[in-house]
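Here are my notes for a first look through this one. Keep the viewer open and follow along point by point.

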Amino acid sequence: MKHNSSRRGFILGAVAGSTSCGWSGAVAQPTGNIRSFDHVALPMQNSEAMMAFYRGLGCEVSENPNICSVYIGDQMINFHRPALWQSQTFTLRAPAAKPPCGDLCFVWDGTPQSLKMRLGQVGAKTIEGPVGRQGGRKKTGSSVYVRDPDGNLLEFIIYS
């Protein structure tokens, strides 16, 4: 049996073999897209005041020695306790991030009056608002801005 060692023979054999395996020669394009945020992580300074604040807003909170998780719908904020974010061995974080470094927007599912009452219950002082703002839903909503106990900026937007 004669072996065809030419480049042309090799290429013809490779193409013939690949088509028999179902490979069309076209490069497969990746499928899928980013669907949503799962969680964000922020360093936290005052653990007790922060967790009382977010519980007061009606959020579910889960705590462990290093991280406090605050659940908002299907998303979560992981607040890293000082011992974690100040540790030189903890590198899965933005290296310059120190409290307050968060700027978060929450969708409020209620009336402006109920938001004002809830923010008053947790001692949050309105910095600005209500003001019209373009939100992530590509619609304009009415926003109110406050700060949490660590000083992170929180926006509460109400879509009509």
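1. A definition to start: two strands pair if DSSP finds at least two bridges between them. Helices (H or I, at least four residues) and strands (E, at least two) are DSSP runs, numbered from the N terminus. With that in hand, strand E3 (residues 67-72) pairs with E4 in the antiparallel sense, over 6 bridges. Cys68 stands opposite Phe79 in E4.

2. Before going further, a word on the source. This is a predicted model, where local features need pLDDT of at least 70, side-chain atom pairs count only at pLDDT 80 or more, and totals for chains, interfaces and linings use all residues. Residues are numbered from 1 along each chain as its sequence is written, and side-chain values use heavy atoms, with hydrogens and water left out.

3. Stay with E4 (residues 75-80). E3 and E4 make a hairpin with 2 residues between them, and Gly73 in the turn has a positive phi of about 60°. Strand E1 (residues 39-43) also pairs with E4, in the parallel sense over 5 bridges; there, Ala41 has Asn78 as its bridge partner in E4. E4 is mostly covered, with 5 of its 6 residues buried (buried means under 20% relative accessible area, exposed over 50%, partly exposed in between, using a 1.4 Å probe and protein chains only).

4. Now helix H2 (residues 47-56). Which of its residues are buried? They are Ser47, Met50, Met51, Phe53 and Tyr54. These residues sit on the same side of H2, because they cover an arc of only 160° around the axis (the arc is that of the directions from the helix axis to the C-beta atoms). After H2 comes Gly58, whose phi is positive, near 100°.

5. Ser47 deserves a click of its own. Ser47 has a relative accessible area of 14%, so it counts as buried. Leaving out residues up to four places away in sequence, Ser47 touches Arg81 and Pro82 (contact means heavy atoms within 4.5 Å).

6. Then there is an open sheet of 4 strands with mixed pairing, in the order E5-E8-E7-E6. Its edge strands, E5 (103-107) and E6 (128-134), each pair on one side only. From one strand to the next, the twist averages 30°. E5 and E8 (residues 153-158) run parallel and are joined by 5 bridges, and Cys105 stands opposite Glu155 in E8.

7. Last, helix H4 (residues 112-121) lies across strand E7 (140-147) and E8, running at about 155° to E8. For such angles, axes are lines fitted to C-alpha atoms, for helices over the stretch in contact, and angles run from 0 to 180 degrees between N-to-C directions.
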